Amino acid sequence: MSQDTLAYEDALRIVLAARTRLPAQACPTTACLGRVLAEPLVSKVDLPPFDNSAMDGFALRGDAVVPAGAERDVEGEQAAGDGIAHARHGAWEIMTGARLPDGLDRVIPVEQTERLSSSRIRLLADVTPGQNVRHAGSDVRRGQTVLAAGTTLAPQHLMLLASLGLGDVSVIERPRVAVLCTGRELVDDPAQTLSPGQIRNSNGPFLAARLPLAGADVVHVETVGDDAVAFEAALRRALDAGAQLIISSGAVSMGRYDFVPQALEHIGAETLFHKVAIRPGKPLLCARLPGNALLFGLPGNPIAVAVGLRFFVEPALRVMLGLPQEMPRRVPLFNAYSKKPRLRFHLKSRLRIDGEGRLAIEVLGGQESYRIQPLADANAWAVVPADIDALAAGSLVDVYGPGHLEFPLPCESPI
Ligand SMILES: Nc1nc2c(c(=O)[nH]1)N[C@H]1C(S)=C(S)[C@@H](COP(=O)(O)OP(=O)(O)OC[C@H]3O[C@@H](n4cnc5c(N)ncnc54)[C@H](O)[C@@H]3O)O[C@H]1N2
Ligand code: MOO
């Protein structure tokens, strides 16, 4: 390994140190799905807000136990949505979710009663205090922390926010990211016929689709030829669009047209590292631009781009979103695997269930960095550290989801 090739862990440390958490902003709860909560959320109300019935039946009161056989007059009816009612001594017919009339403390389900007349019932079962009553504050107490800072808001959290009656919440700003694809071989328009030597730009659509799933806003996307001047102009447009991170693909290796390092030098950027002991994506470059935006120069091969996004850009996004760094899941390998030493490998893999319902990770065939079909078949990344050369089937391996906010739960038939 050449002296200037960094270990992944050292490169990651540099990336993490180069970013800080973004400020908080108010976000309407109608638009906060997927946003990251900036502060712990403390409830200002009790849930349920009032004592209410868990059953359709009759609310009543009495001594410790009102025994089967007891009779009561029915003195009123209380449906969900009805306001305060004051009970005297009889029972109230009550619906599920209805506020308990003041003075009553238990509910007997209607099927455990017998109607003696339109205004009198007999109990067919014992009823104890509190039975079938959902007490105010029994789910959430006023003053209780209901969501921790750093929660990525999912539909179940929106259920809670709606119940608390919140119109907006404090979330971390979304990081702003630009995508620049380089290469005069690239064609963006699917309707355009390819000339000999041309290929479709697949990195651009991949990055533009993955970044929002990683919590970022894509503020600029552009394709430029193999031209340092055009690349510099594109960088300026990305910065003008407000990009805090810029991801470029291509032109960072050893070829005659690999102009990104020189273009960065020309604009006065500080190269933080260039070349990391990983596969794929070894020629990856990271630089701080004047004005403090961070540029990730990802090698052009599509899987090098996917790995650069997942294992360099996404950790930076996590810092910006105020999230702790990820812990990989440890999953047994389905198949034995061996690799070249001294490089950390990022492997297109499939998390599956074996014949006994246990999770297993299958390293897919076709790991070369130009092969995109196996990425389409993958649902996870297996990562094998630089100092490990061979792993037997069944050994535990680090597994990461396709994006830092996603982890697959396979439900397909066993391997
Ligand atoms: N002499 C050496 N050659 C190469 C080395 C090396 O160490 N010595 N490293 C190889 C590795 S590893 C990689 S990865 C690539 C990285 O090269 P570049 O970053 O300079 O990228 P390009 O040459 O521009 O492109 C590489 C490959 O990817 C295709 N490509 C580029 N952009 C896109 C896109 N937007 N969509 C789809 N495909 C794209 C491009 O056509 C090339 O095939 O260098 C190796 N060479
Ligand atoms: O590092 Mo490259 O992506 O293996 O071809």
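Before I show anything, one definition: when I say that two strands pair, I mean that DSSP finds at least two bridges between them. With that in hand, strand 26, residues 380-384, and strand 28 do pair, in the antiparallel sense and over three bridges, and within strand 28 the bridge partner of V383 is D398. Please keep in mind throughout that this is a predicted model.

I would like to look at strand 21, residues 294-298, and ask how many of its five residues are buried. The answer is five of five, and both faces are covered, with L294, F296 and L298 buried on one side and L295 and G297 buried on the other. As for its partners, strand 17, residues 245-249, runs parallel to strand 21 and is paired with it over five bridges, with L245 standing opposite L294. Strand 20, residues 285-288, is joined to strand 21 by four bridges and runs antiparallel to it, and here C286 has F296 as its bridge partner. Strands 20 and 21 form a hairpin with five residues between them, and G291 in that turn has a positive phi of about 100 degrees.

Next, the ligands. Ligand 1 is surrounded by 27 residues, of which the closest are N203, G250, S253, P299 and G300. That shell divides into eleven nonpolar, 13 polar and three charged residues, and helix 3, residues 203-213, and helix 6, residues 302-320, each supply at least two of its members. Around ligand 2 we find R279, P280, G281, K282, P299, N301, A304 and S369, a shell made up of three nonpolar, three polar and two charged residues.

Leaving aside residues up to four places away in sequence, E314 touches A214, L309, G403 and H404. By contrast, the C-alpha atoms of E314 and P290, which are 24 residues apart along the chain, are separated by 22 Å.

Six strands form an open sheet in the order 7-4-6-5-9-8, with mixed pairing. Strand 7, residues 106-109, and strand 8, residues 113-117, stand at the edges with a single partner strand each, so one side of each is left without a neighbour in the sheet. On average, neighbouring strands of this sheet are turned by 40 degrees against each other, direction ignored. Within the sheet, strand 5, residues 71-78, and strand 6, residues 91-94, run parallel and are joined by four bridges, and G76 stands opposite W92 of strand 6.

Key:
Residues numbered from 1 in each chain as written. Chains lettered and ligands numbered in written order. Predicted model: local features only at pLDDT ≥ 70, side-chain atom pairs only at ≥ 80, totals over all residues. Near = placed C-beta within 6 Å. Nonpolar A, V, L, I, M, F, W, Y, C, P; charged D, E, K, R; others polar. Axes fitted to C-alpha atoms, helices over the stretch in contact; angles between N-to-C directions. Contact = placed C-beta atoms within 7 Å. Buried ≥ 20, exposed ≤ 12 C-beta atoms within 10 Å, placed from the backbone.
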